[in-house]
Amino acid sequence: MILTVTLNSSIDKLYLMSSIQQDTVMRVQEVHNSAGGKGLNVTRVAAKLGEPVIAMGFTGGFNGQYLESLIAQDNVQCAFTHVQAETRCCINCWDLSTGKSTEFLEPGAAVTQADVARFFADFDAQLPMADAVAVSGSVPKGVPDDVYCQIIRRCKQKGIPVLLDTSGERLTVAAAEKPSFLKPNTDEISQLTGSATVTIGERIHAVEQMHSSGIACAVLSMGEEGALLACDNGIYHGQPPRIMPKNTVGCGDSMVAGFAVGFARKLSTQESFRIALAVSAANALSLYTGDFDPAEYERLYDAVSIKKVK
Ligand SMILES: Nc1ncnc2c1ncn2[C@@H]1O[C@H](COP(=O)(O)OP(=O)(O)OP(=O)(O)O)[C@@H](O)[C@H]1O
Ligand SMILES: [Mg+2]
């Protein structure tokens, strides 16, 4: 079973619009509501890959109840910590005439110290059953700066693999705690190493540095250029075939889900890498975030190429 942690959850509303103009009334053609926050994208993809998942984090109010009902439709068990504050909404307006999207992200209300303490009690109760833990995204106000460090420490004490995907200061702080898996993208890795990672040589060096700092499975995701993996067996470049993407948001989360499934099933790192590359490319072919067509996944699984570079 995979435990996912989404501390800053939201109801994500995707509005499909024929065009977007200002200063007028706009009618929405189609609405798609989903359980949002990066950890919930990981949750949906891992569940669709056939792995039991328990979703944790904070939910509150009617939006919180709605979020849990949405995620339950995807065969996911919920073990959220309920808080007084209403779960936020995030709106993505997609202009079909230009293919561009404009996002409105609500800040979300702060959680209290007591909420955080209850979350850790809930987390400690679920942790012994987990085969892998995936922690993703931002955190609401009121959560301590070292919350991800505390989660990583708890997992490591129990010998449970822990995967981390976050950004900014939180990434730098939590990376020092050495999660089992880290997946920065090309922007995030520069923040982490403090040096430019433009050439392939610089990128290989950066991922190697991450691995030698103590992160057993260090991955640098590079969008359509695939990903670099540094593990005890060496450094690999995984390349998906050329596709016509519909929506690449959540590709990184899908990659995390692929590795989480690999860890939970105790697969080899290369095998997990293949699943991760295939499912993240399949996510790019779906309009929805954290979603994929199983037939596309199967096709891409055979089509990705993995080469040892060092
Ligand atoms: N256009 C694409 N074609 C094929 N595969 C893709 C494409 N875009 C992304 N991927 C796959 O998804 C992986 C993760 O993508 P990316 O590096 O964009 O992550 P990210 O920036 O963390 O995304 P997000 O945070 O939105 O989930 C890539 O390493 C690649 O394997
Ligand atoms: Mg990402």
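1. A word on terms to begin with: a polar contact is a pair of N or O atoms within 3.5 Å. This is a predicted model, in which local features need pLDDT of at least 70 and side-chain atom pairs count only at pLDDT 80 or more, while totals for chains, interfaces and linings use all residues. Residues are numbered from 1 along each chain as its sequence is written, and side-chain values use heavy atoms, without hydrogens and water.

2. For Gly-226, a backbone N or O atom is 2.9 Å from a ligand oxygen. Lys-38 instead uses its side chain, with an N or O atom 2.9 Å from an oxygen of ligand 1. The protein buries 87% of the 630 Å² that ligand 1 exposes when taken alone (Shrake-Rupley method, 1.4 Å probe).

3. The shell around ligand 1 (residues with a heavy atom within 4 Å) has 10 nonpolar, seven polar and four charged residues; Gly counts as polar here. Helices are DSSP runs of H or I with at least four residues, and strands are E runs of at least two.

4. Which residues of helix H5 (residues 168-175) are buried? They are Leu-171, Ala-174 and Ala-175, where buried means under 20% relative accessible area (1.4 Å probe, protein chains only). Down the axis of H5 they fall within an arc of 100°, taken from the directions from the axis to the C-beta atoms, so they line one face of the helix. Their cover, by contacts of heavy atoms within 4.5 Å, includes helix H4 (147-157) and strand S10 (162-165).

Note on methods
Chains lettered and ligands numbered in written order. Polar contact = N/O pair within 3.5 Å; in protein donor to acceptor, adjacent residues only side chain to side chain. Buried < 20%, exposed > 50% of the residue type's maximum accessible area, 1.4 Å probe, protein only.
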